[in-house]
Amino acid sequence: MKIDFLKNKYDKALSIDCLKIDQHKGLILDDRPFYATFYESIFITEGRGVFKLDNETIPFAPGTILLLPPNGWRHWKEVHTKVNGYFLVFEEEFIAQFFNDALYLYRFHFFNNTHTPSFVEFDLPSFQAVITKLDEIQQEINSLKSDSEHLLRSLLYYLLILINRKYEATFALKGSYFQDTLTLRFRKLLEENIRTHHQVNDYAQMLQVSRSHLNKVLKSHFGKSCSALIKERLLVEIKKELAFSTKTIAEISFELHFSEPANFIRFFQTTTGLSPKAFRQQNAK
C-alpha cells in the first residue's frame, strides 16, 4: 500500500498536516506494511509496541518520537496496548523553499541518515512541551489564515531543532557535519542517485571535487570511506526490494543498475553472508 501526501485536503494547498493517531486507527490496526512518500514524525503519547522502518526495528513507548524520511516502508509490527499520539507529516518543499536551502532537511542527524537510529526518546515532562507545540500546529491548521503557513513553518522549525538537540545528546553525536556543505550535498546526492550510481567517481564528479578530497572529508565526519558509505546505502535499498517487493532477483539487479544478476548476488552475499534468496525467505512480508 502506497500513501501520498494529500496536499489539497484543506481549503488551500498545504504541504504540512498534524493528525491525532486515534483519528487514523486503521493504519495501526492494519498489519500490512505501507509505503509513504513524505516526511513523517510520529509522537507516541500512549501505548507500547514495535515499529519497523524498512529493515530497522524500533521499540516504542510514551515519549518516543519516530523520525521517518520519505520513500520508506512503514510497518506497525507489534502493538501491545492501545496507541495514541500524533502524526506530523510534511513535504520537503514546505520548509526547504522557505529557507531557500535545498539541503535544509539534511542538516539534521535523523532524516535521510542510515547510520543512526530513526527514533529518539524524551522524558515525559520534556515531551509535554513538544506535545504543546503539536497542539498549536493542529489548531492553526484547523483555522487557516492568510499568514498561517509562516506560523506553521516556524513551529515546525522549532520542533526540528528541539528534536535534533535531544537526538545529538542521546546518541552522543558531534554537530560538525550539521553545517558541512560538501557532506550535506553528498548525503542528498546519495539519496537521489543510489539506485543508479554506485561508484565513488560518480559522486566526486557530481560534486566537482577530487575522489581523494571527497574521501578525506567523509572519513573525517563518518569514519568511513565514500565507497563504504555508498555500499551501506545500496545495501539498504536492496534489502527493501527483497523484503517488500515481489520482483525477481534479476529484475531487482537490473533496476539497481548491476551489470548482471550474478554481480548483484555476489555483492549481496559478500556483504551480508546471505544469498538474496535466503534473505528474502527470512524477511519477506
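This is a predicted model: local features need pLDDT of at least 70, side-chain atom pairs count only at pLDDT 80 or more; totals for chains, interfaces and linings use all residues.

Modeller: The side chains of Asp4 and Lys2 meet in a salt bridge, with 4.0 Å from N to O; the term denotes a side-chain nitrogen of Lys or Arg within 4 Å of a carboxyl oxygen of Asp or Glu. Asp4 counts as partly exposed at 44% relative accessibility, while Lys2 is exposed, its relative accessible area being 55%. Here buried means under 20% relative accessible area, exposed means over 50%, and partly exposed lies in between, for a 1.4 Å probe and protein chains only.

Residues are numbered from 1 along each chain as its sequence is written, and side-chain values use heavy atoms, with hydrogens and water left out.

The structure holds 17 salt bridges. Another of them joins Glu40 to Arg74, whose closest N and O atoms are 3.1 Å apart. This pair links distant parts of the chain, since Glu40 lies in strand E4 and Arg74 in strand E8 (residues 72–79), 34 residues apart. Strands (E, at least two residues) and helices (H or I, at least four) are DSSP runs, numbered from the N terminus. Both partners, Glu40 and Arg74, are buried.

A further salt bridge is formed by Arg195 and Glu241, with 2.9 Å between the closest N and O atoms. This pair also links distant parts of the chain: Arg195 sits in the loop between helix H5 (181–193) and helix H6 (200–207), and Glu241 belongs to helix H8 (residues 226–244), 46 residues apart. Arg195 is partly exposed, with a relative accessible area of 25%, whereas Glu241 counts as buried at 10% relative accessibility. Through salt bridges that share partners, Arg195 and Glu241 belong to one network with Asp54, Glu191, Arg233, Glu237, Lys240, Lys247 and Glu255.

The nonpolar surroundings complete the account. A nonpolar core is a set of buried Ala, Val, Leu, Ile, Met, Phe, Trp, Tyr and Cys residues joined through side-chain atoms within 4.5 Å. In the largest such core, of 32 residues, Phe43, Leu88, Leu105 and Leu134 touch the most other members. Strand E4 (39–46) is one of the elements that each supply at least two residues of this core.
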